[in-house]
Structures are given as C-alpha cells and as structure tokens.
Amino acid sequence: MTPLRYVRGDATSPQAAGPKLIAHVCNDLGGWGKGFVVALSRRWPEPERDYRAWHRERAHNDFALGAVRVVPVRADTWVANMIGQHGMRTGSKGPPIRYDALSLCLGAVADHAVRLQASVHMPRIGAGLAGGRWEQIEPLIIDRLCARDIATTVYDLA
C-alpha cells in the first residue's frame, strides 16, 4: 500500500512528475463558485464548463451523487469532478457531504488513475464547504486509492 502524502501547497499545481489527476468534490445542485473550484476556474476553464454542461443535461446523463467526470486540462493533467455533496448548506439532514457517494467517487477516480497511469492530487476534499469530518474522509482515500498503490497527495495551503 502506498502511504497517503501530505504537503503544503496548491492542489491546482500538483507536485509530481508524470500524469496527474486532480480530484475535488462538487455538489449535486449545479452550483460552482465557492471554495476550491474558484482556484480551479482561475487556472483552467474546462472543469467548470464541463460540470455546468453535465448538470444542464442531467436528464440525459449520469449526473448524480457518486458520479465522476474526468476533464483534460493539459496533456498530462486531468480534473476529476466528483459529485459527493448533496446541496450546499448544513440542514436537518446534516452537512452536505455524502460519505457513501464520496467513496463511490474515489473508487471511480482510482479506476481513472490506473487507466491514465496518474498520481492523484487533492485538497482536503469534503472537509471545507461540504462540512465533512477529515477523520471520516481520510480512511476513504486510503481504502480507495492508497490501498490500490496509487500515489495520492493531499495539499494544505501554505
């Protein structure tokens, strides 16, 4: 098993050689404009454009909790838009994060990473605006990615 690596830095600028897959959590309402997605959109327009089109056409595609779309942004870099958040606000049903959906997403990201022979990079997914607890998210990452010997790095802003 490859250990989960933590570094200080920006997940939109992955610190690795070779192919890279940047994973992040999206909501299931079509909203894009706060949190990590702002940094993504500043660097590349494609992930937001693809997410919005995916949501707009959701009656005819797989847009739902647990789904993932991998969007190329450079010859050796992709962004994985993972639908792991229900809504955008904490309410009577708890925070927006859905751990079961996130687990499904991470499994799909692992499959993409293997196919692309890519390392995976991410901020502390699900623990910001989605309201998740890192103590519950980290084991999902280890189980779905690290256990498959996929080099995975979590970025904390310096």
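I looked up tyrosine 6 and found this residue partly exposed, at a relative accessible area of 32%; the class lies between buried (under 20%) and exposed (over 50%), with a 1.4 Å probe and protein chains only. The model is predicted, so I kept to pLDDT of at least 70 for local features and 80 or more for side-chain atom pairs, whereas totals for chains, interfaces and linings use all residues. Residues are numbered from 1 along each chain as its sequence is written, and side-chain values use heavy atoms, without hydrogens and water.

I next checked the aromatic pairs, of which the structure holds four. Rings of Phe, Tyr and Trp (its six-membered ring) pair with centres within 6.5 Å; planes under 30 degrees apart are stacked, over 60 edge-to-face, the rest tilted. Tyrosine 6 and tryptophan 134 are edge-to-face, because their planes stand at 75°, with the centres 6.4 Å apart. The pair ties together strand β1 (residues 5–8) and helix α4 (residues 134–144), since its members are 128 residues apart in sequence. Helices (H or I, at least four residues) and strands (E, at least two) are DSSP runs, numbered from the N terminus. I noted tryptophan 134 as buried, at 11% relative accessibility.

Tyrosine 51 and phenylalanine 63 form a tilted pair, 5.8 Å centre to centre and 55° between the planes. Tyrosine 51 lies in helix α2 (residues 46–56), phenylalanine 63 in the loop between α2 and β3 (68–74). I found tyrosine 51 buried at 0% and phenylalanine 63 buried at 9%.
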